[in-house]
Amino acid sequence: MRKIDELNDWRRTHYSVEIKPELEGKKVTIFGWLSSIREQGGIVFLILNDKEGMVQITVHKDKSSKSILEKLKILSEHSSIGVKGIVKSINKAPHGAEIIPEEIKILSIAKRQPPFSLFGGKMPTIDKRLDIRVIDLRRPKAQAIFKIRHTVLKAIRDFLIGKRYMEVSTPKIIATATEGGAALFPLLYYDKEAFLAQSPQLYKEQLVMPFEKVFEIGPIFRAEESRTLRHLSEIISVDVEEAFVSYKDTMNLIEQMISHVVKTINDECSKEMELLKQKIKIPKSPFKRLTYDEILKILEKEGIIMNWGEDLSTQTIKILGEILPEFYFIIDWPTAIKPFYIKPRDDKKDICESFDLMHSSIELASGGSRISSKRLLIKRLKEQGLKPKLFEYHLRIFDYGMPPHAGFGLGLERLMMVLTGQENIREVSIFPRDRFRLTP
RNA sequence: GCCUCGGUGGUGUAGCCCGGUCUAGCAUAGGACGCUGUCACCGUUCUGACCCGGGUUCAAAUCCCGGCCGAGGCGCCA
């Protein structure tokens, strides 16, 4: 007898969770993976998981065909199978119904056991789980996280498209360091040196010329030597840029966007949020807007004295997070610690029209009004130690009527950490890339 | 990049400080058997581990050195 069956003309009629008492007596075909085999004397309970959930298949040994009994002997947990059978309504079964199989197809036999159970128990370290990430992703918690992620992306797109922003894509292979600062991954582009993009910043700014309101959801790459729970080398960035507005409009936009996202996942992912024991209220608008100066005063009350112009350290942000366990903006940063394209205030040049969107101690997004004057942009490039010549392809656009514009970039994984209550950013990335991990 | 900590069956851990009683314990998983309503089933039983290399010692899971791998913190971070 062959151990592995062919799929042939078998096709799914139902997902596991659709097997309900109302289907009593109906013949169904389901596919999935065996997550549990429990033998109880003359009766065998199989639990089959698919992407929607699980269903019980019950085999009464004395009433079953020889073929099914033989297959039971060689089946191991996590094997993938197909089952044709009759639905039986019975309240002793997990969801009030189970399947009495008439025929089973073994599609693949699992030879190894994953290092964790789908039903709980102690979890191995994240490193071991990531080595077999797609198996790890079958855990209900991971399923919940990525269902939520999917819904968040959909909500962001719906929201922005509804407000007439156009979705664009910009190059991820670039010629020069976009902004200085963050370390780039170099690569060989035919015979030239190139880099992986650390941000779509300059391209999205250029794109306000033809499209005015644009957004991009795509990967960005940073070769930082970071070894923390909130940094990855490759992340998904949600970038928005718009002409004829300032950073105040952008803050209003991102605020509404966050509220829309929270509302959507509360509506559409309530089961998943419950499974993650996560409750998040739709935040009240407007979010708190605290100036950099006000933040320094708050920190001073906590006994932390900072020099004006210093960036906030990890530790000071942690303290802030305890005082502000919510969404809030830090605005009007010192010009010197923000990138060259951020617009300094007209009245006070050492402060710029910028904001960071925070939630507790996590920085989610940063944005601001951009410089639209070529002369000022060149000045700021020089002040940051960058060579205007390298940015010629960008600067030349500013000669053709660059309007005032503003925008933001938001780290999707950071947002996901906040929404799903995860402490490790790796949990919310499907295949995380960090300082030490390049596979799978 | 710097600092700290760690590596014991498939998985999670105990033992390490204070070397011998470790023939390495426990839980879970896996195999076998029993059990007709389980649902992290249960019961009996079996299988299976000291990261690699070197050193100290009569004796190393345990102490020392190096390597590899991992974890956490800091710094860096449009």
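Because the model is predicted, local features require pLDDT of at least 70 and side-chain atom pairs count only at pLDDT 80 or more, while totals for chains, interfaces and linings use all residues. Residues are numbered from 1 along each chain as its sequence is written, chains are lettered from A and ligands numbered from 1 in the order in which they are written, and side-chain values use heavy atoms, with hydrogens and water left out.

Chain A contains 12 helices and 16 strands, where helices (H or I, at least four residues) and strands (E, at least two) are DSSP runs numbered from the N terminus. The C-alpha trace spans about 85 × 55 × 40 Å along its principal axes. Of the 440 residues in chain A, 51% are buried; buried denotes under 20% relative accessible area, exposed over 50%, and partly exposed the range in between, with a 1.4 Å probe and protein chains only. Among contacts (heavy atoms within 4.5 Å) with a separation of 6 or more, 66% are between residues 24 or more positions apart.

In the first, 5 strands close into a barrel with mixed pairing, in the order S1-S2-S3-S5-S4; two strands are taken to pair if DSSP finds at least two bridges between them. Neighbouring strands of this sheet are turned by 50° against each other on average, direction ignored. Axes are lines fitted to C-alpha atoms, for helices over the stretch in contact, and angles run from 0 to 180 degrees between N-to-C directions. Helix H1 (residues 66-74) packs on the sheet and touches strands S2 (43-50), S3 (53-60) and S5 (97-108), with its direction at about 65° to that of S5. Strands S1 (residues 27-40) and S4 (residues 80-89) run antiparallel and are joined by 7 bridges, with Trp33 opposite Ser80 in S4.

Strands S10 (residues 213-221) and S11 (residues 234-243) run antiparallel, joined by 9 bridges, and the bridge partner of Ile217 in S11 is Val238. Strands S12 and S13 run parallel and are joined by 4 bridges; Thr291 stands opposite Ile331 in S13.

Strand S13 is mostly covered, with 5 of its 5 residues buried. Phe327, Phe329 and Ile331 point one way from S13, and Tyr328 and Ile330 the other way. In a regular strand the side chains alternate between the two faces of the sheet. Phe329 has a relative accessible area of 0%. Leaving aside neighbours within four places in sequence, Phe329 has contacts that include Met251, Ile254, Phe287, Leu290, Phe355 and Leu357.

Strand S13 (residues 327-331) pairs with S14 in the antiparallel sense over 5 bridges. Ile331 stands opposite Phe355 in S14, and Ile330 has Asp356 as its bridge partner there. Strand S14 (residues 354-359) is largely enclosed by the rest of the structure, because 6 of its 6 residues are buried. Ser354, Asp356 and Met358 point one way from S14, and Phe355, Leu357 and His359 the other way. Strand S15 (residues 362-370) runs antiparallel to S14 and is joined to S14 by 6 bridges, with Ala365 in S15 as the bridge partner of Leu357. The hairpin of S14 and S15 has 2 residues between the strands, and Ser360 takes a positive phi near 55°.

The second largest pocket has a volume of about 1,000 Å³. On a 1 Å grid over the protein atoms alone, a pocket is an open set of points where a 1.4 Å probe fits, with protein on both sides within 12 Å along at least five of seven lines, and lining residues have an atom within 4 Å of a point. Grid points are joined across faces, edges and corners, and the volume is the space filled by probe spheres set on the points. The pocket is lined by 28 residues, of which Asp50, Lys51, Glu52, Gly53 and Gln143 are the closest to its centre. Elements giving two or more residues to the lining are S1, S2, S3, helix H4 (140-162) and helix H7 (270-275), and H4 supplies the largest share, 7 residues.
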